[in-house]
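Subject: Structure handover

Hello,

Here is the structure for your files. My notes on it follow below.

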Amino acid sequence: MAPYTKSYLKRSLGNKPDNRVIYYMAEGTVTETGFLRDLFSKNSFFNKCSFSFQIVNRTGKELGKNGLEQMINAMLEQVINKPSFKKGKDKAVIIFDLDRYVTDKDYVNSLIAKYKDNILFVYSYPSFDLFLLLADHGNYEKIIEPHMKEIMANNYYDEINKIRMIPGLLKEKYSIDVKCGTTDFKYFVDRIENCCANESAFIENHLDDFGNRLISNVGRVLKHLQNDNVEMEYYRKKK
């Protein structure tokens with residue numbers, strides 16, 4: 001298998017050497033990868049942007065407590081340290097969930113501090129599925145708030161089948177299983193603006209106290225990229 005798939009998507013401007021390229025790797029090979037693939041290729045959200053996207057395949061080793069560090073190392077090896085990577089122009093993006101790191105915040109903070117100049121970090125607590133559950137206005141008040149305690153604890157919606165709360169609530173609301181490999185994410189892709197707006201309105205995006213509140217910077221990063229901005233603040237500015 002090639003280290004990454006050279007598949008410039010529909011909205012790409014081509015292989016011009018001066019184009020910015022956004023290389024992205026997702027911890028989740030089903031939900032995150034499927035949604036972003038559909039967003040980048042089948043939606044007009046990025047049509048006016050002067051860059052293209054390329055997925056970077058995981059090696060299969062990026063699991064467990066040290067998964068984030070292994071993803072960073074894979075991105076360095078496959079992309080950033082390659083001569084084709086235009087430092088200062090291209091950007092590497094890593095998408096991961098914060099739930100497994102809630103007892104080891106210093107680990108996440110140290111990695112972000114070390115690599116933030118070359119890597120754009122996209123994260124959610126408890127999981128990326130939270131962003132999808134914001135697809136319709138009113139979902140936060142009607143679905144998320146009533147289940148806040150269970151969501152924050154990352155409890156099971158269905159313990160027998162090991163389905164966590166947010167994927168379970170998504171399936172209950174939309175009859176869509178976001179964890180199966182054949183999911184059509186069109187419903188959520190078509191409502192990307194809703195997802196971004198509701199994330200901005202209701203969800204914290206800084207890492208200062210993750211584990212104590214819902215967190216997602218997915219929409220904020222997508223909006224930054226839409227505006228050709230590859231800078232991101234991960235912590236609240238000290239007054």
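How many bridges join strand 3 to strand 4, and do these strands run parallel or antiparallel? There are six bridges, and the two strands run parallel. Within this pairing, Ala92 sits opposite Ile119 of strand 4.

Before the rest, a word on confidence. The model is predicted. Average pLDDT for the protein chain is 87, and 89% of the residues score at least 70. The exception to keep in mind is residues 1–15, where pLDDT stays under 50. The model has 40 contacts beyond four places in sequence for that stretch. Where pLDDT is low, the predicted coordinates should not be read in detail.

Strand 4

Strand 4 (119–125) is mostly covered, with seven of its seven residues buried. Ile119, Phe121, Tyr123 and Tyr125 point one way from the strand, while Leu120, Val122 and Ser124 point the other way. Strand 4 is also joined to strand 7 (residues 215–216), by two bridges, and this pair runs antiparallel. Here Ser124 has Ser216 as its bridge partner.

Helix 2

Helix 2 has 14 residues and spans 18 Å from its first C-alpha to its last, close to the 20 Å expected at 1.5 Å a residue. Ten of the 14 residues are buried, so helix 2 is largely enclosed by the rest of the structure. Among the buried ones are Gly67, Leu68, Met71, Ile72, Met75 and Gln78. What covers the buried residues of helix 2 includes strand 1 (20–26), strand 3 (91–97), helix 3 (105–115) and strand 4.

The core

The largest nonpolar core has 81 residues. Phe35, Leu39, Phe46, Leu68, Phe121, Phe188 and Leu222 touch the most other members. Helix 2 (residues 67–80) gives the most to this core, with eight residues. In soluble globular proteins, nonpolar side chains tend to be buried together.

Leaving aside residues up to four places away in sequence, Leu68 touches Ile94, Phe96, Tyr101, Tyr107, Val108, Leu111 and Phe121. One of these, Phe121, belongs to strand 4 and is buried.

Regards

Conventions: Residues are numbered from 1 along each chain as its sequence is written. This is a predicted model: local features need pLDDT of at least 70, side-chain atom pairs count only at pLDDT 80 or more; totals for chains, interfaces and linings use all residues. Side-chain values use heavy atoms; hydrogens and water are left out. A nonpolar core is a set of buried Ala, Val, Leu, Ile, Met, Phe, Trp, Tyr and Cys residues joined through side-chain atoms within 4.5 Å. Buried means under 20% relative accessible area, exposed over 50%, partly exposed in between (1.4 Å probe, protein chains only). Helices (H or I, at least four residues) and strands (E, at least two) are DSSP runs, numbered from the N terminus. Contact means heavy atoms within 4.5 Å. The expected span of a helix is 1.5 Å times one less than its number of residues. pLDDT is the predictor's confidence in each residue, from 0 to 100. Two strands pair if DSSP finds at least two bridges between them.
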